[in-house]
Amino acid sequence: MSCLESLSSYGLRALGVGERLLPRSDITICDQVVLIGSGMMWNIYFTVLAMAFGFGLATVVALGKASPNRWLSAPANAFIFIFRGSPLFIQFFLFYEAFVLLPKLAGAVDLGFVEITLDTRWFTRAWLGALIVLFLNTSAYSAEIFYGALRNAPKGESEAADAIGMTGFRKFRRIVWPTMLRLAWPAYTNEAIFMGHATALVFFSGFPAWRQEGDALYYAKYFAENTYNPFIAYPIVAAYFMLLTLALIAIFGAVNRRLNRHLAPAARARLTFRPQLIR
Amino acid sequence: MGVEAAYPPFSFINEDGEVDGFERDLGDEICRRAELDCVWVTNDWESIIPNLVSGNYDAIIAAMTITPERDEVIDFTQEYYPPDPSSYIALAGAGEEVRTGVIAAAVSSVQAHYIVDSGATLVEFPSWDDTIAAVKNGEVDSVLADRGFLEDIVNESGDDIVFVGDDTTIGGGLGIGVRESDGELKDKLDAAIAAMKDDGALNALISKWFEGRENVY
Amino acid sequence: MMTCAEPSSLVGIDWWACYLTTGKHLSFYGSFGTVLMLLALAAPLILLLGIAGALARNARAAPLRWIGTGYTSMVRGVPDIVFFLFVPIALDQLFEYFRHRVLCPQATGPVWQGNDFIVCAEAKLPLSSAPQSIHDLYGFALALIAFTVVFGAFAANIIHGGLNAVPKGQLEAGEAVGMSRAQILRRIHLPQMWRYALPGLSNLWMILIKATPLLFLLGVEDIVYWAKELGGAKTSRYAYPHGDWRLGYFIALLAFYLLLTWLSEQVFARLTRRFSAGLAR
């Protein structure tokens with residue numbers, strides 16, 4: 001089929017929209033590019049949501065770790081150690097097995113104006129289960145980055161805030177947090193890139209693919225196996241991930257410029273493409 | 001000889017860490033008859049054909065169904081085992097409706113393609129073990145897999161898991177795969193298989209490993 | 001004395017004792033050694049490739065700079081799992097192609113015929129007559145190369161950053177006393193670089209540890225392979241039938257990795273203290 005037909009049939013196939021059957025014979029390069037591209041939607045979905053939710057949890061955990069109170073710092077340390085210390089691949093598998101063991105509960109919570117149905121069945125689906133694992137994983141890594149940034153924050157700023165009577169949440173939101181972000185940003189960018197790459201693992205471990213809807217690597221594997229030729233499918237998926245990486249660098253670079261806008265040009269932390277020294 | 005060794009009773013790794021099973025016995029016997037010196041190499045399923053094509057080994061004997069798509073890439077000997085029917089299994093109490101419901105299969109297996117063609121909802125798992133676990137905990141309504149693989153599982157599950165409905169036959173029988181350019185090897189293997197069919201040796205092996213299957217050839 | 005000859009007659013501790021010492025389980029324990037060996041071999045190779053890459057990026061010759069920058073950018077833009085799926089097959093064919101050219105000069109016909117990759121029998125690597133152990137070794141070597149290529153790029157970036165972080169005064173002092181470029185590099189630049197590169201390299205080591213499960217994708221029988229193999233439900237056709245025990249096996253893997261991580265953290269904490277001695281902070 002022509003390229004336009006491929007696009008219309010398979011453009012959204014990873015979400016279940018379009019041609020139900022995947023191409024089995026006469027597979028063209030257009031088919032591969034379009035279908036693998038549609039799989040990238042899953043990777044982007046995972047990356048964006050895991051990073052978005054993970055940002056909040058990471059901040060909380062970082063504050064916990066920095067706290068002098070042992071009841072807060074010990075759990076924070078344990079959380080960071082477990083999720084940073086074990087491979088993501090194994091985390092996926094363990095969580096999937098654990099989700100599978102959850103009793104098949106279906107309860108309804110009635111809040112009066114809205115009823116929320118809890119269906120534990122959804123946890124074994126990739127869109128929720130894998131997202132939870134990625135969310136926890138990125139929270140742990142990001143928490144460590146934010147903690148390092150908190151430690152490196154210039155004491156002078158904090159003391160000045162105390163001197164004028166700013167305390168608690170206000171001090172945090174106005175003084176501590178922006179500085180922490182600024183110092184952590186280059187390392188956090190690297191974390192975003194790693195997370196983007198890690199999303200390729202989702203359908204490789206325990207999580208199943210429903211109705212043949214998977215991510216980019218899932219479709220690349222499908223093509224590599226059906227055409228018995230890995231030399232087309234895998235470079236295509238590699239190219240898509242390069243684009244994703246470049247997009248992440250561009251977005252995070254823009255944020256970095258905004259965070260550093262108040263500094264003299266020479267003092268700005270340039271967003272260099274290297275794993276962070278703060279961890 | 002490339003083998004997957006993860007699919008009893010066709011081939012599996014026994015407690016001593018060696019390749020064992022119907023195909024091990026068959027392969028050894030064929031090699032003896034064809035006067036070939038055979039070395040057994042395990043390989044995972046995904047790369048078993050690409051590695052044959054790349055020359056890592058010379059033949060694949062891994063419960064591989066002869067299909068037209070595969071025939072485009074490699075050549076097959078005549079079949080050494082009849083098309084294994086694929087069966088649906090489900091939790092006890094399920095009826096025929098599972099065949100149009102949510103069905104599990106391993107990624108990129110012939111059963112997966114069959115399920116998609118039949119219009120049911122396919123859930124693909126990385127391995128067959130995962131599919132069995134899924135039907136046991138209710139993730140999916142049923143599993144479609146080779147009957148030979150499922151028989152042991154059904155028998156040992158007590159009454160929890162049962163076969164549902166009739167079997168379907170997908171694709172041709174099982175054959176040994178060789179490179180398309182390796183016609184000589186294919187002829188030798190073919191001759192050995194034909195000889196084993198003629199003098200009943202193949203039937204004997206099949207009966208040994210698969211209960212209830214007599215005089216197939 | 002109890003023997004393990006009749007597994008079906010064993011119960012309790014005896015069953016466990018025999019089960020945990022079968023040939024398959026011994027392979028499982030051995031595969032931990034495989035993982036550790038990969039790490040031990042990969043680390044120095046990665047450092048070497050990293051230094052080479054970093055120096056290439058700083059080189060005066062433009063083509064060298066392009067190679068350095070291109071290598072690091074490309075490898076870091078693509079998920080390592082994609083590399084691990086692709087590189088071994090590509091490398092395998094590359095090696096065999098060269099051996100074919102060298103060992104079979106009289107062979108005619110194209111090497112790539114349709115889908116088949118035909119080289120003469122002597123050029124195959126490993127030889128198709130080679131036993132399983134040679135195949136395993138070859139798979140391990142390909143995995144080692146794949147890891148080195150991927151992580152060498154990250155190391156090159158870290159070391160490049162470390163090289164840049166060394167105060168310029170140190171290098172200028174070297175020039176002032178008349179050292180050549182090579183001498184400055186060897187005696188001043190590289191030794192000082194380690195102090196600045198250490199945090200990034202320790203981080204990379206942690207990531208390397210956690211990338212080892214991908215070994216099984218490369219066909220190497222590593223701990224993930226054995227955990228899945230041993231943990232999967234076994235019918236009574238096997239000597240030691242059991243249910244689906246993969247959860248238990250994977251928790252054991254988790255413990256192994258946490259232990260390895262914790263040990264590494266202790267080592268790096270010590271190294272950091274040593275390298276920081278004398279630094280005015």
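Start in chain B: select S2(B) and strand S3 (residues 11-13), which pair in the antiparallel sense over two bridges. Strands here are DSSP runs (E, at least two residues), helices are runs of H or I with at least four residues, and both are numbered from the N terminus. Strands count as paired if DSSP finds at least two bridges between them. Pick B:Tyr7 next; its bridge partner in S3(B) is B:Ser11.

A note before moving on: this is a predicted model, where local features need pLDDT of at least 70, side-chain atom pairs count only at pLDDT 80 or more, and totals for chains, interfaces and linings use all residues. Residues are numbered from 1 along each chain as its sequence is written, while chains are lettered from A and ligands numbered from 1 in the order in which they are written.

**Stop 1: the three-stranded sheet**

The open sheet has the order S2-S3-S4 (chain B), with antiparallel pairing. Its edge strands are S2 (6-7) and S4 (19-20) of chain B, each pairing on one side only.

**Stop 2: all of chain B**

Zoom out to chain B. It holds eight helices and 13 strands. Its C-alpha atoms fill a box of roughly 50 × 35 × 30 Å along the principal axes.

Colour by burial. Of the 217 residues in chain B, 48% are buried. Buried means 20 or more other C-beta atoms within 10 Å of the residue's own, exposed means 12 or fewer, and partly exposed lies in between; C-beta atoms are placed from the backbone. Now consider contacts, where two residues have their C-beta atoms, placed from the backbone, within 7 Å. In chain B, 67% of the contacts with a separation of 6 or more join residues 24 or more positions apart.

**Stop 3**

Select S3(A) along with strands S8 to S12 of chain B. They form an open sheet of six strands in the order S3(A)-S10(B)-S9(B)-S11(B)-S8(B)-S12(B), with mixed pairing. S3 (209-210) of chain A and S12 (161-168) of chain B stand at the edges; each has a single partner strand, so one side of each is left without a neighbour in the sheet.

S3(A) and S10 (residues 121-125) of chain B run antiparallel, joined by two bridges. A:Ala209 has B:Glu124 as its bridge partner in S10(B).

Next, show the helices on this sheet. H4 (residues 110-118) of chain B lies across S8, S9, S10 and S11 of chain B, at about 155° to S9(B). H6 (residues 147-156) of chain B touches S8, S11 and S12 of chain B, and its direction makes about 125° with that of S11(B). Axes are lines fitted to C-alpha atoms, for helices over the stretch in contact; angles run from 0 to 180 degrees between N-to-C directions.

**Stop 4: chain A against chain B**

Select both sides of this contact: 17 residues from chain A and 19 residues from chain B. On the chain A side, S3 and helix H8 (216-227) each supply at least two residues.

**Stop 5: inside chain A**

Of its 279 residues, 43% are buried.

Select A:Ala50 in helix H2 (residues 29-66) of chain A. A:Ala50 counts as buried, with 25 C-beta neighbours inside 10 Å. Beyond its neighbours within four places in sequence, A:Ala50 is in contact with A:Leu131, A:Leu134, A:Phe135, A:Thr138 and A:Met195.

Move to H3(A) and H5 (residues 126-152) of chain A. They pack at an angle of about 115°, with axes 8 Å apart. Residues making the contact include A:Phe79 and A:Phe83 of H3(A), and A:Leu136 and A:Tyr141 of H5(A).

**Last stop: chain A against chain C**

Bring in chain C. Here 29 residues of chain A are in contact with 30 residues of chain C. H3 (70-85), H4 (88-101) and H9 (230-259) of chain A each supply at least two residues of the chain A side. H9(A) gives the largest share, seven residues.
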